[in-house]
Amino acid sequence: MRYLIDLDVTTNLAAGRDIEQLLPERYEMDQLVIRYVSIERNKPSSWRVRLCEVLDNGTPGFIDVYEFEPVDPDLPFGDEWMFDSH
């Protein structure tokens, strides 16, 4: 895993590829929260941006953050926003 630089972001988005980036973790009630953002093409003219926060309930043999329990059960895929790509 590496952090994306501006060139990575613009190149991948221009090619229509989704991107994801880990963000600094935080704690909620002594529980480690893993955070990441994703930018996905929604339609040819719009993008979906998601902020995902999951509880770090992994083990050495189970590290799939996509399967971890969301911090907010009402937002299992994270909070999302839509933006036009004009």
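What percentage of the 86 residues of the protein count as buried? The figure is 24%, where buried stands for under 20% relative accessible area with a 1.4 Å probe, protein chains only. Keep in mind that this is a predicted model: local features need pLDDT of at least 70, side-chain atom pairs count only at pLDDT 80 or more, and totals for chains, interfaces and linings use all residues. Residues are numbered from 1 along each chain as its sequence is written, and side-chain values use heavy atoms, with hydrogens and water left out.

On to the fold. The protein has 1 helix and 4 strands, running α-β-β-β-β along the sequence; these are DSSP runs (helices H or I, at least four residues; strands E, at least two), numbered from the N terminus. Its C-alpha atoms fill a box of roughly 40 × 30 × 20 Å along the principal axes.

Charged side chains number 8 positive and 18 negative, with Lys and Arg taken as positive, Asp and Glu as negative, and His and the chain ends not counted. The centres of the two sets sit 9 Å apart, each charge being placed at NZ of Lys, CZ of Arg, CG of Asp or CD of Glu.

Then there is the largest pocket, at about 330 Å³. On a 1 Å grid over the protein atoms alone, a pocket is an open set of points where a 1.4 Å probe fits, with protein on both sides within 12 Å along at least five of seven lines, and lining residues have an atom within 4 Å of a point. Of its 20 lining residues, Cys-52, Leu-75, Pro-76, Phe-77 and Gly-78 are the closest to the centre.

Technical notes. Buried < 20%, exposed > 50% of the residue type's maximum accessible area, 1.4 Å probe, protein only. Points joined across faces, edges and corners; volume = space filled by probe spheres on them.
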